[in-house]
Amino acid sequence: MTGSIIRRDDLVTSIADALQYIAVYHPPDFLAHLARALKLEQSPAARDAIKQILVNSRMAAIGRRPICQDTGTVNVFLKVGMQARFDFDEPIAEVVNEAVAIAYTDAGNPLRASIVADPLFDRRNTRTNAPAVTHVELVAGSGLDVHVAAKGGGSENKASFAALNPGDDVADWVVRTVERLGAGWCPPGILGIGVGGTAEKAMLLAKESLLQPIDMTDLLARGPRTAQEEMRVDLYRRVNALGIGAQGLGGLTTVLDVKIATYPVHAASMPVALIPQCVADRHIGFRLDGGGPAGFVAPRTEDWPQVALDAGADAIKVDLDRLAPAEVAGWRAGETLLLSGRLLTGRDAAHKRLAAMLERGEDLPVDLKGRAIYYVGPVDAVAGEAVGPAGPTTSTRMDPYTDILLERTGLLVMIGKAERGDETVASIGRHGAAYLIAVGGAAYLVSKAVRSAKVIAFDDLGMEAIHEFVVEDMPVTVAVDAQGQSIHKSGPMRWRAPPVTYHGTQIPG
Ligand SMILES: O=C(O)C[C@H](O)C(=O)O
């Protein structure tokens with residue numbers, strides 16, 4: 001029997017188009033579940049974060065710009081029919097990488113190049129976001145099934161694995177693990193859980209489970225019919241009862257769905273993997289059967305829930321060009337600020353370099369005294385933009401460098417997302433500084449507060465270079481104040497429900 005001939009051009013075009021599509025459009029199932037979470041949410045801080053994420057999503061769809069500045073690592077799953085034939089003989093992963101480079105360097109909608117090689121030493125940006133991580137499986141049939149995902153670094157960083165004993169309680173492990181993850185994975189999102197096989201198989205199952213449709217609302221409405229569905233509902237309720245909430249601010253919804261995939265396993269083993277999916281849920285599947293490239297139809301913007309934002313009458317206006325220690329010391333955790341003026345940027349690579357220069361007693365290329373630094377790696381601008389989408393990155397990764405910067409440079413304010421470690425919170429208090437947060441996953445919305453942007457140091461670091469932004473009324477929340485109060489501690493504590501099980505929950509849903 002002869003199979004379809006899959007053309008190289010069709011594969012490249014389809015993957016490149018799919019990557020552009022998922023960068024700007026949230027899947028409808030994700031939006032529907034997030035809109036439902038907003039309806040149920042009672043925590044004002046979490047409600048505000050969900051609203052920003054929904055408004056950002058609609059703006060990104062209309063503006064055809066990325067939902068999130070972290071446009072992800074490309075994960076491609078190829079299921080090749082045994083009877084399929086190809087009109088090319090290069091390794092298929094190289095063809096995929098070509099498609100990635102085309103998508104990420106698209107002049108009309110450049111996506112952020114986040115991949116660095118090699119990971120151990122050079123860590124130099126490849127500038128095209130290639131290579132992708134490509135998985136190939138041979139299956140029955142004559143076509144090629146492709147599933148493309150763009151996975152953000154913050155949620156991928158929270159992937160967890162355990163080699164449990166066969167008698168251990170997998171659900172307990174999942175709940176305990178999520179409790180320890182913090183908010184760097186940008187909840188509310190989805191949990192992918194892989195159980196069985198071997199260590200690497202369990203991780204792959206967890207990742208693939210995230211490609212399944214989000215259907216928790218239907219499952220809750222009809223009730224679970226299998227043991228695995230019962231476990232999904234149980235985990236959904238127990239994880240949400242932790243009170244972590246949107247962005248870790250405390251609230252009723254941390255997960256929109258829980259996905260589980262399993263595989264037979266050795267009698268002595270119970271490998272379990274958990275991979276969370278952030279609010280930038282980006283994936284799409286299509287099939288090539290020799291009939292040309294896949295087509296992707298833009299959703300209607302009327303399909304987005306109508307949500308209005310309001311910074312609140314109590315928001316405090318802050319002039320970053322006249323930032324004084326006494327003013328910063330007066331801010332209290334939970335307050336909303338509207339920042340205007342000059343703002344520095346810097347994230348992982350820049351922090352590492354700054355700290356090393358300080359250790360060596362060298363002068364820094366920028367004066368941080370009395371300044372605010374925003375942990376961000378923006379997307380490149382297109383015509384008419386000061387900067388591309390520019391949401392916060394996970395601040396916890398900057399913790400190892402924070403004390404030395406506060407101590408030796410006079411830096412006053414940091415802006416990012418998610419919690420800080422206990423030592424960093426103490427250091428912020430000791431230095432009379434403050435840590436502010438913007439909403440992770442609301443990158444296009446945040447970028448609209450940026451009036452101008454220029455690189456002022458470490459140009460070679462690509463998106464990780466130090467920029468100077470001029471911002472106007474950029475909304476942020478005080479997350480750690482100079483008294484050492486942290487909303488990532490107080491929020492979840494306030495919204496945590498008593499321990500619940502599937503049969504006795506107080507959590508909505
Ligand atoms: O790299 C980034 O911009 C963000 C990262 O995905 C994170 O969530 O920390």
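Predicted model: local features only at pLDDT ≥ 70, side-chain atom pairs only at ≥ 80, totals over all residues.
Trainee: What is omega for the peptide bond from Ala 130 to Pro 131?

Mentor: Pro 131 is found in the loop between E5 and strand E6, the latter covering 133–139. The peptide bond that leads from Ala 130 into this proline is cis, and its omega is near 5°.

Trainee: What is phi of Arg 64, a residue other than glycine?

Mentor: Arg 64 is found in the loop between helix H3 (44–63) and strand E2 (73–81). Its phi is positive although the residue is not a glycine, with a value near 50°.

Trainee: Does Gln 247 count as buried or exposed, and at what relative accessibility?

Mentor: Gln 247 is found in the loop between helix H9 (227–240) and strand E10 (255–265), and it has a positive phi of about 60° although it is not a glycine. The cut-off for a buried residue is under 20% relative accessible area. Gln 247 therefore counts as buried, its relative accessibility being 4%.

Trainee: How are H2 and H3 oriented to each other, roughly parallel or roughly antiparallel?

Mentor: The axes of H2 (residues 28–40) and H3 come within 10 Å and cross at roughly 150°, and the crossing is left-handed. Angles over 145 degrees count as roughly antiparallel. The two helices H2 and H3 are therefore, to each other, roughly antiparallel.

Trainee: How many nonpolar residues are there in the contact of H2 with H3?

Mentor: From H2 come Leu 31, Leu 34, Ala 35, Ala 37 and Leu 38, and these meet Arg 47, Ile 50, Lys 51, Ile 53, Leu 54 and Ser 57 in H3. Of the residues in this contact, 1 is polar and 2 are charged, while the number of nonpolar ones is 8.

Trainee: Which residues of H12 make the contact with H11?

Mentor: On the side of H11, the contact is made by Asp 348, His 351, Lys 352, Leu 354, Ala 355, Leu 358 and Glu 359. Taken over both helices, the residues of this contact divide into 6 nonpolar, 2 polar and 4 charged. The partners from H12 are Tyr 401, Ile 404, Leu 405, Arg 408 and Thr 409.

Trainee: What is included in the cover of the buried residues of H11?

Mentor: The buried residues in H11 are Asp 348, Ala 350, His 351, Leu 354, Ala 355, Met 357 and Leu 358. Their cover includes strand E15 (372–374), strand E19 (466–480) and H12.

Trainee: Which residues does Ser 427 touch, not counting those up to four places away in sequence?

Mentor: Ser 427 has its place in helix H13 (residues 422–430), and it counts as buried because its relative accessibility is 1%. Leaving aside residues up to four places away in sequence, Ser 427 touches Asp 403 and Leu 406.

Definitions and conventions. Residues numbered from 1 in each chain as written. Heavy atoms only, no water. Contact = heavy atoms within 4.5 Å. Helix = DSSP H or I, 4+ residues; strand = E, 2+ residues; numbered from the N terminus. Nonpolar A, V, L, I, M, F, W, Y, C, P; charged D, E, K, R; others polar. Buried < 20%, exposed > 50% of the residue type's maximum accessible area, 1.4 Å probe, protein only. Axes fitted to C-alpha atoms, helices over the stretch in contact; angles between N-to-C directions. Parallel < 35°, antiparallel > 145°, perpendicular 65-115°, else oblique. Left-handed = near helix turned anticlockwise from the far one by under 90°.
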